[in-house]
Amino acid sequence: MQINYYIFLSIALFVIGIAGVLTRRNAIIIFMCIELMLNATNLLLVAFSKMHHLAASKIDAATTAGTDGQLFVFFIMVVAAAEVSVGLAIIVMMYRNIHSVDVNFLNRLKH
Amino acid sequence: MSNSLNIVYLIPLLPLIGFLINGLGRKRLSKSLISIIGCGVVLASFLLSIWVFMQVKNGNVHVANYFDFISVGSFHVPFAFQIDQLSAIFLLIITGVGFLIHVYSTSYMHHEAPEHFGRYFSYLNLFIFSMLLLVMGANFVIMFIGWEGVGLCSYLLIGYWFKNTEYNKAAAKAFVMNRIGDLGFLIAIFWIISKIGSTDFHAVFSNTSKFTSADITAITLLLFVGATGKSAQIPLYTWLPDAMAGPTPVSALIHAATMVTAGIYMVARSNVLYSMSELSQNVVAIVGLATAILAATIAMKQNDIKKVLAYSTVSQLGYMFLALGVGAYSAGVFHVMTHAFFKALLFLGAGSVIHAMGGEQDIRKMGGLSSKLKTTYITFLIGCIAISGVPPFSGFFSKDAILYAAFEHNPGLYIVALIGAILTAYYMFRLLIITFTGKFRGTEEQKTHLHESPPAMTIVLIILAVLSVIGGFVGIPDAIMKGGDKFSEFLSPVIPVKHGPITSFPKENFERLLMGVSTIAALIGIIIAWLQYRRYQYKEPNAVGKFLENKWYVDELYEKTIVKPLNFLADLFDRELERSGIDALVNGVGKAVQYGGRQLRWLQSGQVGSYVLLMVISMVLFFVLQFFLRK
């Protein structure tokens with residue numbers, strides 16, 4: 001498939017994720033949107049790695065050209081997992097204090 | 001080069017030390033200690049001046065170089081003192097009369113609190129220091145430092161009783177009018193520097209070929225502008241009568257004997273330049289004569305004892321400038337010396353009267369003081385005779401020298417000057433008669449307080465009276481005694497003796513004739529005053545009298561034509577340029593910063609959501625920028 005399609009899809013997912021982070025009130029939904037953004041970048045990385053591999057294997061059949069892209073995706077997933085665990089812990093603390101997961105209550109940063 | 005005269009730096013240094021000690025220690029020292037220090041340093045300077053005079057008399061003239069004051073490129077101004085005949089004479093006058101006035105002040109000012117007493121003496125010492133710098137300077141710059149210094153001290157001393165707003169205004173008026181003259185002096189100095197490259201008297205007076213005649217005229221006229229400010233000539237004389245707000249010894253020292261003679265000194269010192277410009281000499285003579293007559297007419301109708309003496313000073317200074325203007329420089333300096341004696345005497349005598357009257361200065365409230373204030377009366381009488389120019393008192397010799405020189409130059413000048421001499425005798429004896437003779441016109445309380453002044457004051461009066469009598473004998477003209485004019489002879493290395501044109505009469509007899517005429521003129525003035533005022537009762541003056549009493553309305557004229565427009569202009573600048581312009585700009589910057597800060601504060605809402613939005617926006621902008629930069 002043409003790389004353009006993957007790029008458009010990835011951008012669309014990313015922008016939807018950003019829009020969700022900026023506009024949603026529920027903290028857990030915001031987390032989901034963050035995951036969406038991360039996955040959008042994962043998609044892009046994998047697509048480009050395949051593209052480079054295909055292009056390189058035309059010259060040399062046993063090439064390892066596109067592997068770093070896919071490897072990086074693993075790293076991103078690990079980071080995402082760690083981040084989600086920390087973030088959910090914060091949300092749990094927040095709920096314990098104000099019994100809600102509405103992020104509009106997070107306006108104390110100016111004190 | 002080592003010359004015993006190199007120690008003359010002590011002469012101004014001692015009063016400067018006196019100024020520092022009395023000024024800084026005025027809250028700690030006692031009045032007697034302040035008096036001793038204040039008078040002692042001037043006495044020491046006087047003794048040194050006597051020694052200097054002896055040295056100069058033996059022919060030891062010297063320029064003592066101390067250090068480089070200004071050194072810029074090829075322009076050098078050394079801090080140097082020039083000791084020659086002219087400065088030696090002025091040194092004696094300044095330190096001698098100054099010392100006597102210091103002693104007088106210890107008694108006159110004894111009512112003051114110790115702190116203010118110390119302040120007074122420190123200012124007096126500072127004044128002596130500045131005046132000494134002025135006359136000893138070897139170049140125009142050092143002279144100018146002293147020039148400014150005496151102007152400053154005049155301001156400080158006129159406004160000595162600083163709690164009175166009127167006195168402060170008088171002090172400010174004196175200082176500002178002085179400054180106007182100083183501008184002329186400064187421009188003259190700059191002109192000299194641009195043509196000669198140096199301000200040293202030696203350099204300037206021996207290189208006059210580097211000046212064009214237009215240069216000389218301009219420089220001498222500008223120097224004269226400075227002199228009109230300092231020596232109270234038309235048009236910058238109105239500060240001097242107002243300066244009578246200061247203590248009487250200050251009026252005696254500064255506004256009679258020394259500061260106002262600074263202009264005379266400057267012109268006499270620059271006689272080489274003035275002799276080269278006929279126009280400047282004529283201007284000097286005419287302005288001097290006009291001032292002499294104007295001031296004499298005003299003095300005739302004044303009712304404050306010090307104001308009469310103030311206008312008398314302005315008038316006599318006019319005579320000195322007349323002398324300088326007709327080329328008789330040594331006669332002008334001679335009159336400076338004799339005038340210092342009798343004018344200081346008159347002022348100090350007036351101080352004695354004011355002291356006895358408990359502060360009253362209006363002569364309409366005096367009268368008949370001769371019986372209670374004998375010494376004051378006799379010395380004041382001697383002063384009046386001296387200033388009227390009656391022989392053999394000192395004023396006769398100096399004034400006659402001036403009149404004779406004026407006649408040689410232009411008989412018209414002589415006639416007018418003679419009329420001025422009659423007026424001088426008239427107003428001085430008017431003052432004497434109204435103040436000291438007749439019936440006492442004051443209050444009963446004042447009458448009981450009338451007493452002769454303490455010895456510190458009367459002894460000074462006596463000394464000055466003796467000097468007023470014998471002071472003229474150093475300048476006896478050839479017509480009376482051959483070779484008697486020791487004064488001009490002494491000054492001749494600095495001031496070339498003038499040889500006037502031969503008149504058709506044999507010179508000597510003619511001079512004797514003129515002397516007789518001036519004596520008769522003085523006597524006429526005295527007799528008219530006696531006839532008019534011996535039975536004195538104050539009457540409202542007629543129209544002419546009112547015009548003279550109100551000083552020809554010159555102050556009002558200046559107020560309307562100069563002061564009001566200047567104030568208007570200053571207000572305009574204050575409103576438009578200062579407040580609406582510069583202040584608005586500077587405050588506006590501050591206001592803009594505050595506004596910006598207030599608006600930027602909204603960014604810190606504390607809402608995490610808006611922070612995230614901002615992060616996203618900035619990242620997008622980043623990428624867009626990268627995109628365009630790569631392109």
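In this predicted model, Pro235(B) lies in the loop between helix H8 (213-230) and helix H9 (239-242) of chain B. The peptide bond that leads from Ile234(B) into Pro235(B) is cis, with omega near 0°. Chain B holds 25 helices and two strands, while chain A has three helices and zero strands. The model scores ipTM 0.79 and pTM 0.81.

**Confidence**

- Chain B has a mean pLDDT of 89, and 98% of its residues reach 70 or more.
- Residues 500-504 of chain B have a pLDDT below 50, and this stretch makes four contacts in the model beyond near neighbours in sequence.
- Where pLDDT is low, predicted coordinates should not be read in detail.

**Chain A**

- Buried residues account for 12% of the 111 residues of chain A.
- Of the contacts in chain A that join residues at least 6 apart in sequence, 52% link residues at least 24 apart.

**Chain B as a whole**

- The C-alpha atoms of chain B fill a box of roughly 115 × 65 × 50 Å along the principal axes.
- Of the 631 residues in chain B, 49% are buried.
- Among contacts in chain B with a separation of 6 or more, 80% are between residues 24 or more positions apart.

**Contact between the chains**

- Nine residues from chain A and nine residues from chain B take part in the contact.
- The side of chain A that touches chain B consists of six nonpolar, one polar and two charged residues.

**Packing of helices H18 and H22 in chain B**

- Two packed helices are described by the angle between their axes and by the distance between the axes.
- Helix H18 (residues 411-436) of chain B packs against helix H22 (residues 507-533) of chain B at an angle of about 35°, and their axes are 7 Å apart.
- The crossing in which H18(B) passes H22(B) is right-handed.
- On the H18(B) side, the residues that meet H22(B) include Leu418(B), Ala421(B), Ile422(B), Phe429(B), Arg430(B) and Ile433(B).
- On the H22(B) side, the residues that meet H18(B) include Ser518(B), Ala521(B), Gly525(B), Ile528(B), Trp530(B) and Tyr533(B).
- By class, the residues of this contact between H18(B) and H22(B) comprise 17 nonpolar, three polar and one charged.

**Backbone features in the loops of chain B**

- Most residues other than glycine have a negative phi, and most peptide bonds are trans.
- A cis peptide bond runs from Pro391(B) to Pro392(B), with omega near -5°.
- Pro392(B) is placed in the loop between helix H16 (374-388) and helix H17 (394-409) of chain B.
- Ala232(B) is not a glycine, yet it has a positive phi of about 55°.
- The loop between H8 and H9 of chain B contains Ala232(B), and Pro235(B) also lies in the loop between these helices.
- Tyr553(B), which is not a glycine either, has a positive phi of about 55°.
- Tyr553(B) is located in the loop between helix H23 (543-549) and helix H24 (554-601) of chain B.

- Tyr553(B) counts as exposed because it has 12 C-beta neighbours inside 10 Å, and a residue with 12 or fewer is classed as exposed.
- Asn410(B), in the loop between H17 and H18 of chain B, has 14 C-beta neighbours inside 10 Å and so counts as partly exposed.
- The C-alpha atoms of Asn410(B) and Ala243(B) are separated by 34 Å, and the two residues are 167 residues apart along the chain.

Methods: Residues are numbered from 1 along each chain as its sequence is written. Chains are lettered from A and ligands numbered from 1 in the order in which they are written. This is a predicted model: local features need pLDDT of at least 70, side-chain atom pairs count only at pLDDT 80 or more; totals for chains, interfaces and linings use all residues. Axes are lines fitted to C-alpha atoms, for helices over the stretch in contact, and angles run from 0 to 180 degrees between N-to-C directions. Helices (H or I, at least four residues) and strands (E, at least two) are DSSP runs, numbered from the N terminus. A crossing is left-handed if the near helix is turned anticlockwise from the far one by less than a right angle, and right-handed if clockwise. Two residues are in contact if their C-beta atoms, placed from the backbone, lie within 7 Å. Ala, Val, Leu, Ile, Met, Phe, Trp, Tyr, Cys and Pro count as nonpolar, Asp, Glu, Lys and Arg as charged, and the others, Gly among them, as polar. pLDDT is the predictor's confidence in each residue, from 0 to 100. A residue is buried if 20 or more other C-beta atoms lie within 10 Å of its own, exposed if 12 or fewer, and partly exposed in between; C-beta atoms are placed from the backbone.
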